[in-house]
Amino acid sequence: DWREDRREDGGGGDGWGEPLRPAVHRRLAELVAHFDSPDVRQHRRSAEYSHQISSLPSNPKVVGLLRELPDSEALDALDELDDEITDAIFSSSSAGIRKINSVAGYFAGMLRRYQRGEGRR
């Protein structure tokens, strides 16, 4: 059974392949920890995002896309996601700030943009 072959590597991998490279794994872990911190969680909009962000390391699509990018681009994409979520949580007004319904879907689209060579917006 294919499910028996799935490994839990705890190293930033999704169980379906190789773990993320160390720098990317570390930055993703920092991002998850930041949005799960008490300072961020106390903000009224953080609940919308903290759970979704904490599930990114186990999302096969996101991890697969991160693995395909060079470290520098994967790290840039993680920084961009950090900025976007921070803006969505801490903006004093909702004007001009889009609500991100699916962090994983939004991030996957962002990673595809990096794959196309379009980089940060």
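This is a predicted model: local features need pLDDT of at least 70, side-chain atom pairs count only at pLDDT 80 or more; totals for chains, interfaces and linings use all residues.
The chain contains 7 helices and 0 strands, and its elements follow the pattern α-α-α-α-α-α-α along the sequence. Of the 121 residues in the chain, 38% are buried. Among contacts between residues at least 6 apart in sequence, 68% join residues at least 24 apart.

The largest nonpolar core comprises 30 residues, of which Ile53, Leu56, Leu66, Ile85 and Phe107 touch the most other members. Two or more residues are contributed to this core by each of α2 (22-35), α4 (47-54), α5, α6 (71-90) and α7. In soluble globular proteins, nonpolar side chains tend to be buried together. Leucine 66 is one of the core residues named above. Beyond its neighbours within four places in sequence, leucine 66 is in contact with Leu20, Arg21, Val24, Leu28, Ala74, Leu78, Phe107 and Leu111.

Two packed helices are described by the angle between their axes and the distance between the axes. For α2 and α6, the axes come within 9 Å and cross at roughly 10 degrees; the two helices are therefore roughly parallel to each other. On the α2 side, the contact involves Ala23, Val24, Arg27, Leu28, Leu31, His34 and Phe35. These residues meet Asp71, Ala74, Leu75, Leu78, Asp79, Leu81, Asp82, Ile85, Thr86 and Ile89 in α6. By class, the contact of α2 with α6 has 11 nonpolar, 2 polar and 4 charged residues.

Helix α6 also packs against α7, at an angle of about 140 degrees and with the axes 10 Å apart. This angle makes α6 oblique to α7, and the crossing of the pair is right-handed. From α6, the residues Glu73, Asp76, Ala77, Leu78, Glu80, Leu81, Glu84 and Ile85 take part in the contact. Their partners in α7 are Val103, Tyr106, Phe107, Met110, Leu111, Arg113 and Tyr114. The residues of this contact divide into 10 nonpolar, no polar and 5 charged.

Arginine 113, a residue of helix α7, counts as buried because its relative accessibility is 5%, under the 20% limit. Apart from neighbours within four places in sequence, the contacts of arginine 113 are Glu80, Glu118, Gly119, Arg120 and Arg121. Both Glu80 in α6 and Arg113 in α7 belong to the contact between these helices.

Helix α5 (residues 60-68) and helix α7 (residues 103-115) pack at an angle of about 20 degrees, and their axes are 10 Å apart. Helices α5 and α7 are therefore roughly parallel to each other, and their crossing is left-handed. Within α5, Lys61, Val62, Leu65, Leu66 and Glu68 form the contact with α7. The class composition of the contact of α5 with α7 is 7 nonpolar, 1 polar and 3 charged residues.

Lysine 61 lies in helix α5. Excluding neighbours within four places in sequence, lysine 61 is in contact with Ala108 and Arg112. The C-alpha atoms of lysine 61 and alanine 104 are separated by 8.4 Å, although these residues are 43 residues apart along the chain.

Methods: Residues are numbered from 1 along each chain as its sequence is written. Side-chain values use heavy atoms; hydrogens and water are left out. Axes are lines fitted to C-alpha atoms, for helices over the stretch in contact, and angles run from 0 to 180 degrees between N-to-C directions. Helices (H or I, at least four residues) and strands (E, at least two) are DSSP runs, numbered from the N terminus. Angles under 35 degrees count as roughly parallel, over 145 as roughly antiparallel, 65 to 115 as roughly perpendicular and the rest as oblique. A crossing is left-handed if the near helix is turned anticlockwise from the far one by less than a right angle, and right-handed if clockwise. Contact means heavy atoms within 4.5 Å. Ala, Val, Leu, Ile, Met, Phe, Trp, Tyr, Cys and Pro count as nonpolar, Asp, Glu, Lys and Arg as charged, and the others, Gly among them, as polar. Buried means under 20% relative accessible area, exposed over 50%, partly exposed in between (1.4 Å probe, protein chains only). A nonpolar core is a set of buried Ala, Val, Leu, Ile, Met, Phe, Trp, Tyr and Cys residues joined through side-chain atoms within 4.5 Å.
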